[in-house]
Amino acid sequence: MYRNRSRMECTQVAAELTGNGCRNEGRTEGRQIDYGLKNLAVLVTGAGSNLGRSSAVMAAAEGARVGVADVNRQAAEETVAMIEAAGGTAMSLVFDVTDEAQTEAALDMLEAAYGPLYGLVACAGLSRPAMALDMTEEMWSAVIDVNLTGAFQSCQSAGRRMIRAGRGSIVTIGSTAALAGHARGAVYCASKHAVVGFTRVLATEWGALGVRVNCVVPGPIDSVMLRKSMPADYLDAVLVDRTPVNRLGQPEDIAGAAMFLLSSGATYVNGITMPVDGGLTTGFMNRWNGRDLSSNASRPFAAPTES
């Protein structure tokens, strides 16, 4: 169809297309994608900071009516203020994702204000890094309760409502720790492996009922949680050095992936585990002869010539 068009013409055509292949005649100036979230109710847990805050702000910018959920009232209200200052619509929902009754009550409030729930981005999470022999029962339980039980409970409560409505999209948040193990990460890795697992189950059970469930797997994202769990020199000397795009991720990188998975452009995407990690897991930080094989480390070497 576009074979005889110039590259510039094809670029212009691509910029006019939305994710579902239709021309986006009503897009605002400078916007190239319409995620189809206008006036839809979306809940984001852990929305008081980091990945959750970015996801809530981005969803609101796309026209969604956002439930900003966090256990920290001040943090949730700060996110709502950011959204409202930009002209978006949001309400704070202060509850503990590990408490089923609180979760249900918060969803009742959201739907009473914004209508049937369409989207969930389950970002609430925490980490308690420790060597396996030093892991306490309290540390284990705290992480499992939020990262696994809380995430599942959020999905289950949201899923019931979406199934009744006949449509919906859920995005869980995994981690590259769900794809491999790392020192001091026994409970975090366990929780994120489990999130990937139940995401696939929900996608299998609910897909035919109109509800898609997918998992975003962030790589090293520059966040408070990351900087608390790793020494600063390790972030630069190891993680950045071995990430092919040569930088830490930003919360907006994860939010963008979540918006795509919520969107009308992803209606045939269900049950996937989507790494958003700058290429880190393409070789999972492998080294050969003591030398990093990422694009960052290979820059000083001459490109191979044809013989």
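This is a predicted model: local features need pLDDT of at least 70, side-chain atom pairs count only at pLDDT 80 or more; totals for chains, interfaces and linings use all residues.
Trainee: Ok, salt bridges. How many does a search of the whole structure find?

Mentor: The search finds 7 salt bridges. As background, side chains of opposite charge can pair when their charged atoms come close.

Trainee: Pick one. What does R53 form a salt bridge with?

Mentor: R53 forms a salt bridge with E78, and their closest N and O atoms are 3.4 Å apart. The pair links distant parts of the chain, with R53 in helix 2 (residues 50-61) and E78 in helix 3 (residues 73-85). The two residues are 25 residues apart.

Trainee: Is R53 buried or exposed?

Mentor: R53 is buried, with a relative accessible area of 19%. The cut-off for buried is under 20%, so R53 falls on the buried side. E78, at 36% relative accessibility, is partly exposed.

Trainee: Which residue does R161 meet in a salt bridge?

Mentor: That is D108, at 2.9 Å from N to O. R161 lies in helix 5 (residues 137-165) and D108 in helix 4 (residues 100-114), so the pair ties together parts that are 53 residues apart in sequence.

Trainee: And how do R161 and D108 compare for accessibility?

Mentor: R161 is buried, at 7% relative accessibility. D108 is partly exposed, with a relative accessible area of 43%.

Trainee: Which residues are linked with R161 in a network of salt bridges?

Mentor: The network of salt bridges links R161 with E104, D108, E111 and R160.

Trainee: What about R227, where does that side chain go?

Mentor: The side chain of R227 meets that of D222 in a salt bridge, 2.7 Å from N to O. R227 is partly exposed at 44% relative accessibility. D222 is partly exposed too, with a relative accessible area of 25%.

Trainee: Change of topic. How many cavities of 30 Å³ or more does the structure hold?

Mentor: The structure holds 1 cavity of 30 Å³ or more. About 40 Å³ of space lies in the largest cavity.

Trainee: What lines the largest cavity?

Mentor: The lining is made by A122, A124, N147, A151, T172, I173, K192 and V195. Helix 5, strand 5 (168-173) and helix 6 (186-206) are the elements that give two or more residues to the lining.

Trainee: How do the lining residues divide into nonpolar, polar and charged?

Mentor: The lining of the largest cavity has 5 nonpolar residues, 2 polar and 1 charged.

Trainee: You listed N147 there. Which side chain does N147 join in a polar contact?

Mentor: A polar contact of 3.2 Å joins the side chains of N147 and S191. S191 is in helix 6.

Trainee: Is S191 buried or exposed?

Mentor: S191 counts as buried, at 0% relative accessibility.

Trainee: Now aromatics. How many aromatic pairs does the search find?

Mentor: The search of the whole structure finds 1 aromatic pair. F152 and F198 form this pair, which is edge-to-face, with 5.5 Å centre to centre and 85° between the planes.

Trainee: Why two values for one pair?

Mentor: A pair of aromatic rings is described by the distance of the centres and the angle of the planes. Planes over 60 degrees apart count as edge-to-face, so the 85° of F152 and F198 puts them in that class.

Trainee: Where do F152 and F198 lie?

Mentor: F152 lies in helix 5 and F198 in helix 6, so the pair ties together parts that are 46 residues apart in sequence. F152 is partly exposed at 33% relative accessibility, whereas F198 is buried at 10%.

Trainee: Last topic, the backbone. What is phi of N50?

Mentor: Phi of N50 is near 50°, a positive value in a residue other than glycine. Most residues other than glycine have a negative phi. N50 is found in helix 2 and is partly exposed, with a relative accessible area of 26%.

Trainee: And what is the phi of R184?

Mentor: R184 has a positive phi of about 70°, and R184 is not a glycine. R184 lies in the loop between strand 5 and helix 6. At 38% relative accessibility, R184 counts as partly exposed.

Note on methods:
Residues are numbered from 1 along each chain as its sequence is written. Side-chain values use heavy atoms; hydrogens and water are left out. A salt bridge is a side-chain nitrogen of Lys or Arg within 4 Å of a carboxyl oxygen of Asp or Glu. Helices (H or I, at least four residues) and strands (E, at least two) are DSSP runs, numbered from the N terminus. Buried means under 20% relative accessible area, exposed over 50%, partly exposed in between (1.4 Å probe, protein chains only). On a 1 Å grid over the protein atoms alone, a cavity is a set of points where a 1.4 Å probe fits but cannot get out, and a pocket is an open set with protein on both sides within 12 Å along at least five of seven lines; lining residues have an atom within 4 Å of a point. Grid points are joined across faces, edges and corners, and a volume is the space filled by probe spheres set on the points. Ala, Val, Leu, Ile, Met, Phe, Trp, Tyr, Cys and Pro count as nonpolar, Asp, Glu, Lys and Arg as charged, and the others, Gly among them, as polar. Rings of Phe, Tyr and Trp (its six-membered ring) pair if their centres lie within 6.5 Å; planes under 30 degrees apart count as stacked, over 60 as edge-to-face and the rest as tilted. A polar contact is a pair of N or O atoms within 3.5 Å; within protein, one must be able to donate a hydrogen and the other to accept it, and residues adjacent in sequence count only if both atoms are side-chain atoms.
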